[in-house]
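Dear colleague,

My notes on it follow.

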Amino acid sequence: MGMNLPSNRRGGRRAPMADINVTPLVDVMLVLLIIFMVTAPLLVTGVPVRLPESRASALDQDKKPAIVSVDPEGAVFINDDPVSDDALPDRLNALRAGLGPDEQVFLRADAALDYGRVMRVMGELNRAGLDRVALVTTGIGMGGSDPSTVRSVTGE
């Protein structure tokens, strides 16, 4: 029994390829790159809110904060979960119980909301004992793409 080695004879068997075809690998990598580019902006913010603009500088935040959002219709969300006005005090009390003493709550409110709606939510935060509240804004001219944070006047 002999081995089948490639030969230089004409009309013989095909010689093994020494190169690796990387074209399918490049195709898959490009598709993954496009998927990450499309989904990355969606991971930053859960509730679509057009934030007001300010000239405040961004705060350094190493831990993921608890986020309370108010959308343009006035609906309240706690960490992307919708909360009715009736259930808001209980949910905020539960949120306070889960936070450490140094942790902040970020309040993201749409720029189109009236001042009274935002103050009602801030009042509920204060009533629940959440005094470390930061208002989230964007830089002037950023158009809501790069949020920065402004410290709130409540409790500090």
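I begin with helix 3, whose buried residues are covered by elements that include strand 2, strand 3, helix 2, strand 5 and strand 6. Please bear in mind throughout that this is a predicted model.

Helix 3

Helix 3 (residues 115-127) has 13 residues and spans 18 Å from its first C-alpha to its last, close to the 18 Å expected at 1.5 Å a residue. Its buried residues are Arg117, Val118, Val121, Met122, Glu124 and Leu125. Viewed down the axis of helix 3, these buried residues fall within an arc of 155°, and they therefore line one face of the helix. Tyr115, Arg120 and Arg127, on the other side of helix 3, are exposed. Just after helix 3 comes Gly129, which adopts a positive phi of about 90°.

Helix 2

Helix 2 (88-98) has Leu88, Leu92 and Leu95 as its buried residues. The exposed residues Asp90, Ala94 and Ala97 are carried on the face of helix 2 that is turned away from its buried side. The cover over the buried residues of helix 2 includes strand 2, strand 3, strand 4 (81-83), strand 5 and helix 3.

Strands and their pairing

The chain contains three helices and seven strands, and from the N terminus on its elements follow the order α-β-β-β-β-α-β-α-β-β.

Strand 5 (residues 105-109) is mostly covered, with five of its five residues buried. Both of its faces are covered: Val105, Leu107 and Ala109 are buried on one side, and Phe106 and Arg108 are buried on the other. Strand 5 pairs with strand 2 in the parallel sense over five bridges, and Ile67 stands opposite Phe106 of strand 5. Strand 5 also runs parallel to strand 6, to which three bridges join it. In that pairing, Val105 stands opposite Val133 of strand 6, and the bridge partner of Phe106 in strand 6 is Ala134.

Together, strand 5, helix 3 and strand 6 form a right-handed β-α-β unit.

Nonpolar cores

The largest nonpolar core has 21 residues, and those with the most contacts inside it are Val68, Leu92, Leu95, Val105, Leu107, Leu125 and Leu130. Strand 2 (66-70), strand 3 (76-78), helix 2, strand 5 and helix 3 each supply at least two residues of this core. Helix 3 gives the most to this core, with four residues. Leu95 touches Ala66, Val68, Ile78, Val105 and Leu130, when residues up to four places away in sequence are not counted. A second, separate core consists of seven residues, among them Val49, Leu51, Phe77 and Val136.

The loop at Gly74

Gly74 lies in the loop between strand 2 and strand 3. Is this glycine buried or exposed? Gly74 has a relative accessibility of 10%, and it counts as buried because the cut-off for that class is under 20%. Leaving aside neighbours within four places in sequence, Gly74 is in contact with Leu113 and Arg117; Arg117 is one of the buried residues of helix 3. Gly74 and Ala109 are 35 residues apart in sequence and 8.6 Å apart in space, C-alpha to C-alpha.

The chain as a whole

Buried residues make up 29% of the 156 residues in the chain. Among contacts between residues at least 6 apart in sequence, 65% join residues that are at least 24 apart.

With kind regards

Methods:
Residues are numbered from 1 along each chain as its sequence is written. This is a predicted model: local features need pLDDT of at least 70, side-chain atom pairs count only at pLDDT 80 or more; totals for chains, interfaces and linings use all residues. Side-chain values use heavy atoms; hydrogens and water are left out. Two strands pair if DSSP finds at least two bridges between them. A crossover is right-handed if, with the strands pointing away from the viewer, the path from the first strand over the helix to the second runs clockwise. A nonpolar core is a set of buried Ala, Val, Leu, Ile, Met, Phe, Trp, Tyr and Cys residues joined through side-chain atoms within 4.5 Å. Buried means under 20% relative accessible area, exposed over 50%, partly exposed in between (1.4 Å probe, protein chains only). Contact means heavy atoms within 4.5 Å. The expected span of a helix is 1.5 Å times one less than its number of residues. The arc is that of the directions from the helix axis to the C-beta atoms.
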